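Dear colleague,

Here is the structure for your files.

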Amino acid sequence: MNGDLSNTQYFKVESENSVGVKEIIHTVYDALTEKGYNPVNQIVGYIMSGDPTFITSHNNARSLIMKVERDELVEELLREYIAGESWNAKS
């Protein structure tokens, strides 16, 4: 510890998610598909309501998705959508 109290120390906490948001979405999508659910509808239901019962517990999908904030899920989905679209093309 530094004895100089005139400066503020900066401390950064790394994300506690050992698995990234993208990987969690893939795992949840696959688990929902394997169980016969429409994964898009189920994930949207979870994001909109916050109710984890929209997500199957198969392959630990429910526990995984609950480790990520819902706004982080929306950000990742939007980021991937934008990256996959040609925003320069005129409709």
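**Pocket, cavity and helix packing**

In the lining of the largest pocket, the largest share, 5 residues, comes from α1. The model is a predicted one: local features need pLDDT of at least 70, side-chain atom pairs count only at pLDDT 80 or more, and totals for chains, interfaces and linings use all residues. Residues are numbered from 1 along each chain as its sequence is written, and side-chain values use heavy atoms, with hydrogens and water left out.

The largest pocket holds about 210 Å³ of space. A pocket here is an open set of points on a 1 Å grid over the protein atoms alone, with protein on both sides within 12 Å along at least five of seven lines; a cavity is a set where a 1.4 Å probe fits but cannot get out, and lining residues have an atom within 4 Å of a point. Points are joined across faces, edges and corners, and a volume is the space filled by probe spheres set on them. α1, α2 and α4 each supply at least two residues of the pocket lining; helices are DSSP runs (H or I, at least four residues), numbered from the N terminus. Among the lining residues are Lys 22, His 26, Asp 30, Glu 76 and Glu 80. By class, the lining has 7 nonpolar, 1 polar and 4 charged residues (Ala, Val, Leu, Ile, Met, Phe, Trp, Tyr, Cys and Pro count as nonpolar, Asp, Glu, Lys and Arg as charged, the others, Gly among them, as polar).

There is 1 cavity of 30 Å³ or more. Ile 25, Val 28, Ile 43, Ile 65, Leu 73 and Leu 77 line the largest cavity, a lining of 6 nonpolar, no polar and no charged residues.

α1 (21-34) packs on α2 at about 125°, with the axes 9 Å apart. Axes are lines fitted to C-alpha atoms, for helices over the stretch in contact, and angles run from 0 to 180 degrees between N-to-C directions. The two helices are therefore oblique to each other (under 35 degrees is roughly parallel, over 145 roughly antiparallel, 65 to 115 roughly perpendicular, the rest oblique). Val 28, Tyr 29, Leu 32 and Thr 33 of α1 meet Pro 39, Val 40, Gln 42 and Ile 43 of α2, where contact means heavy atoms within 4.5 Å.

α2 (residues 39-49) and α4 (residues 70-84) pack at about 135°, again with axes 9 Å apart. That makes α2 oblique to α4.

Regards
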